[in-house]
Amino acid sequence: MGAVGLHSRGGISLKQVIDEIRKHPDSARAGALATFVGRVREDPVGHSGGKVRYLEYEAFEEVAIRKLRELRNDLVRREGIVDISIHHVVDRLGVGEESLIVAVLGTHRRFVFPVLEEAVERVKREIPIWK
């Protein structure tokens, strides 16, 4: 699976990400594992009264993978961080389906939460994935 990835619908799950990150050789020194799961939500669409039924994610895959690796490599160097895993689905997803999974393994909770939040924000800002 790897520490970062782009997947089609159904190609990744929170369980898979957690199982993989727990296998890190230094996981015994980790006292915290924080995760984020982004989901498609049923937002209103304009003034028509309609609601989002699905989102279709697209990516410039070669660049997206490279930038995900760069992001992970930057964040994993932070104090107290043991490992990070970032996975995004690139496909058509219905309301309630998972689009982004981020897991941060660290020595203490005070280290993992800020890195988790930064990872999610930077994925949205820096990775060429579009809805």
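This is a predicted model: local features need pLDDT of at least 70, side-chain atom pairs count only at pLDDT 80 or more; totals for chains, interfaces and linings use all residues.
Modeller: Residues are numbered from 1 along each chain as its sequence is written, and side-chain values use heavy atoms, with hydrogens and water left out.

Biologist: What makes Ser85 count as buried?

Modeller: Buried means under 20% relative accessible area, exposed over 50%, and partly exposed in between, with a 1.4 Å probe and protein chains only. Ser85 has 4% relative accessibility, so Ser85 counts as buried. Ser85 is found in strand E7. Helices (H or I, at least four residues) and strands (E, at least two) are DSSP runs, numbered from the N terminus.

Biologist: What does the side chain of Ser85 reach?

Modeller: The backbone oxygen of Ala3, at 3.3 Å. The side chains of Ser85 and His87 are also joined by a polar contact of 2.9 Å. A polar contact is a pair of N or O atoms within 3.5 Å; within protein, one must be able to donate a hydrogen and the other to accept it, and residues adjacent in sequence count only if both atoms are side-chain atoms.

Biologist: Is His88 buried or exposed?

Modeller: His88 is at 2% relative accessibility, so His88 counts as buried. His88 lies in strand E7. Not counting residues up to four places away in sequence, His88 touches several residues, among them Gly5, Tyr57, Leu100 and Ile129. Contact means heavy atoms within 4.5 Å. His88 and Val4 are 84 residues apart in sequence and 8.3 Å apart in space, C-alpha to C-alpha.

Biologist: Is Glu62 buried or exposed?

Modeller: The relative accessible area of Glu62 is 67%, so Glu62 is exposed. Glu62 lies in helix H2. The C-alpha atoms of Glu62 and Ala30, 32 residues apart along the chain, are separated by 32 Å.

Biologist: Why are H2 and H3 called roughly antiparallel?

Modeller: Angles under 35 degrees count as roughly parallel, over 145 as roughly antiparallel, 65 to 115 as roughly perpendicular and the rest as oblique. H2 and H3 pack at about 155 degrees, with their axes 11 Å apart. H2 and H3 are therefore roughly antiparallel to each other. The contact is made by residues including Lys67, Leu71 and Leu75 of H2 and Val115, Ala119 and Glu126 of H3. Axes are lines fitted to C-alpha atoms, for helices over the stretch in contact, and angles run from 0 to 180 degrees between N-to-C directions.

Biologist: Which elements do the buried residues of H3 pack against?

Modeller: Strand E2 (32–39), helix H2 (61–75), strand E7 (81–89) and strand E9 (98–106). The buried residues of H3 include Phe111, Val112 and Leu116. Those of H2 include Val63, Ile65 and Leu68.
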